Amino acid sequence: MSSILYDEVPSLDLAHFTNGSPEQKEAFVQDLGAAYNNIGFVAIKNHGLTNEMTEKLYAAIQKFFALPDEVKQKYEVPELAGQRGYIGKGKEHAKGRSTGDLKEFYHIGQEVTDGDPIKNEYPDNIWPEEVPEMEAIGKEVYKTLENAGVKMLQAIALYLGLDEHYFDQKVHNGNSILRPIHYFPIENPDAVPADAVRAAEHGDINLITLLMGASADGLQVLRNDGKWIPITALPDQLVVNVGDMLSRHTNNKLKSTIHRVVNPPKDKMGTSRYSIPFFMHPRSEMDLTCLESCIDDAHPKLYDDITAGEFLEQRLAEIGLRKK
Ligand SMILES: O=C(O)CCC(=O)C(=O)O
Ligand SMILES: [Fe+2]
């Protein structure tokens, strides 16, 4: 493993991979691999998401989260284990904790439109009638981030010595989730549990996460020397990190790095923070067994064989969304 200590998340240009010269494409693959072998996070530009899309989706979700709790709760369906619609304040906690995070969020899932029978595995999306514009922009951003994610996985496949299109079919109509999050103002800090934070330290469950809006203060990533590094993405960048599924599949060659969202300083406690991660999941049948090419004497196999669907079910129970 590379022992470089990054002071910030490396910035890359996805256009070098998609439209660059062969040398630029190869450099992108190697730089991405080096970052994922170490800090597990990069910031990318030229990902296909426009400012207009970002602004439209942010406007829609801010309108939704500003609705009274009783209205938002109409869109909360506990039987779906938080996989679609609204998830209320304090419902999710990081694995290994019981105090809920200081956030509320909304889940938008895959829309299968090509007749693929996998449609039967997925609950329908839930769209709020109070914010009718959310459906069109939610679907557009979902597809745009999914396309960027496919490109990132192609680069990852090349870094791993696999066929460039190794992941393409595995993520086609995958179980990905777009999650607009509202970290609500903390009007009375004494009224929340003493150890409650906006998002307690965790690794993401999925293959990779593409995050819009990580530039606002608060997101930090745990470097391998134990120091927390703030994520400082530019407005035109997406932050893209490795999740636990990819880390398992690569026998921890690619790192799913622990990250968190800290509470604001006292004078900013009364302000909101919004962010929108896209959690890129494969189809549930994907086998996450450690790749043979990532196992050798120096790197013995670390994880039991499991499918993506089984792994997701385990983790939903561990974070409080699927009732045990
Ligand atoms: O809000 C953020 O910036 C990050 C959120 C996050 O890490 C998550 O929801 O998994
Ligand atoms: Fe996360």
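Predicted model: local features only at pLDDT ≥ 70, side-chain atom pairs only at ≥ 80, totals over all residues.
**Exercise 1. Strand 13 and its partners**

Find which strands pair with strand 13, and in which sense.

*Solution.* Start with strand 5 (residues 177-178), which pairs with strand 13 in the antiparallel sense over two bridges. Here Ile-177 has Phe-279 as its bridge partner. Next, take strand 6 (residues 181-183): its pairing with strand 13 is antiparallel too, over three bridges, and His-182 stands opposite Tyr-274.

Now for the surroundings of the strand. Seven of the eight residues of strand 13 (residues 273-280) are buried, so the rest of the structure largely encloses it.

**Exercise 2. The buried face of helix 8**

Work out where the buried residues of helix 8 lie around its axis.

*Solution.* First, list them: in helix 8 (residues 308-318), the buried residues are Ala-308, Phe-311 and Leu-312. Second, look down the axis of helix 8: these buried residues fall within an arc of 100 degrees, so they line one face of the helix. Third, ask what covers them; helix 7 (244-249) is included in that cover. Finally, step just past the end of helix 8, where Gly-320 has a positive phi of about 90 degrees.

**Exercise 3. The span of helix 5**

Compare the reach of helix 5 with the expected value.

*Solution.* Helix 5 (residues 134-159) has 26 residues. At 1.5 Å a residue, 38 Å is expected. From first C-alpha to last, helix 5 reaches 37 Å, close to that expectation. Just after helix 5 comes Gly-161, with a positive phi of about 80 degrees.

Terms used:
Residues numbered from 1 in each chain as written. Chains lettered and ligands numbered in written order. Helix = DSSP H or I, 4+ residues; strand = E, 2+ residues; numbered from the N terminus. Expected span 1.5 Å × (residues − 1). Buried ≥ 20, exposed ≤ 12 C-beta atoms within 10 Å, placed from the backbone. Arc of directions from axis to C-beta. Contact = placed C-beta atoms within 7 Å. Pairing = 2+ DSSP bridges.
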